[in-house]
Amino acid sequence: MRTTVDLPDELIRAAKARAAERGETLKELFTRLLAREVKSPASTPQKGRVSLPLIGDAEGTSVVTTNADLEAALTADDAERYGH
């Protein structure tokens, strides 16, 4: 079905960038996000939710991650995903 939605320009630019990063069309991005939102309404508490941070241990020991660490991990993930 075709519909028209008036969204802020900044939001559309960010959505287009996100879709391009994921290798999907803007339609695919909106469909995926809207389907996820419709399937889990805000009024229904989600089971199995966790609190952040997800890295560490029960004693609260911190894990230090630098921007360089994140960049390396994302680069490795891209290489694995896209075969570069």
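Beyond its neighbours within four places in sequence, Phe-30 is in contact with Leu-7, Ile-12 and Ala-15. Phe-30 belongs to helix 2 of a predicted model. The chain holds three helices and zero strands, in the order α-α-α along the sequence.

**Phe-30**

- With a relative accessible area of 34%, Phe-30 is partly exposed, because that value falls between the 20% under which a residue counts as buried and the 50% over which a residue counts as exposed.
- Eleven residues separate Phe-30 from Ala-19 along the chain, and their C-alpha atoms are 9.0 Å apart.
- Ile-12 and Ala-15, two of the contacts of Phe-30, are also among the residues of helix 1 that meet helix 2.

**Helix 1 against helix 2**

- Helix 1 covers residues 9-22 and helix 2 covers residues 26-39.
- Their axes come within 9 Å of each other and cross at roughly 100 degrees.
- Helix 1 and helix 2 are therefore roughly perpendicular, since angles from 65 to 115 degrees are placed in that class.
- On the helix 1 side, the residues that meet helix 2 are Ile-12, Ala-15, Lys-16, Arg-18, Ala-19 and Arg-22.
- On the helix 2 side, Leu-26, Leu-29, Phe-30 and Arg-32 take part.
- Sorted by class, this contact has six nonpolar residues, four charged residues and no polar ones.

**Length and end of helix 1**

- Helix 1 has 14 residues, which at 1.5 Å a residue should span 20 Å.

**Helix 3**

- Helix 3 runs over residues 67-82, and its 16 residues should span 22 Å at 1.5 Å a residue.
- The distance between the end C-alpha atoms of helix 3 is 22 Å, which agrees with that expectation.
- Just after helix 3 comes Gly-83, with a positive phi of about 65 degrees.
- Asp-78 is located in helix 3.
- The relative accessible area of Asp-78 is 37%, and therefore Asp-78 is partly exposed.
- Asp-78 and Glu-21 are 57 residues apart along the chain, while their C-alpha atoms are separated by 9.9 Å.

**Whole chain**

- Of the 84 residues in the protein chain, 5% are buried.
- The chain exposes about 8,100 Å², and carbon and sulfur atoms supply 56% of that area.

Technical notes: Residues are numbered from 1 along each chain as its sequence is written. This is a predicted model: local features need pLDDT of at least 70, side-chain atom pairs count only at pLDDT 80 or more; totals for chains, interfaces and linings use all residues. Side-chain values use heavy atoms; hydrogens and water are left out. Axes are lines fitted to C-alpha atoms, for helices over the stretch in contact, and angles run from 0 to 180 degrees between N-to-C directions. Helices (H or I, at least four residues) and strands (E, at least two) are DSSP runs, numbered from the N terminus. Angles under 35 degrees count as roughly parallel, over 145 as roughly antiparallel, 65 to 115 as roughly perpendicular and the rest as oblique. Contact means heavy atoms within 4.5 Å. Ala, Val, Leu, Ile, Met, Phe, Trp, Tyr, Cys and Pro count as nonpolar, Asp, Glu, Lys and Arg as charged, and the others, Gly among them, as polar. Buried means under 20% relative accessible area, exposed over 50%, partly exposed in between (1.4 Å probe, protein chains only). Accessible areas come from the Shrake-Rupley method with a 1.4 Å probe; for residues, only the protein chains shown count as cover. The expected span of a helix is 1.5 Å times one less than its number of residues.
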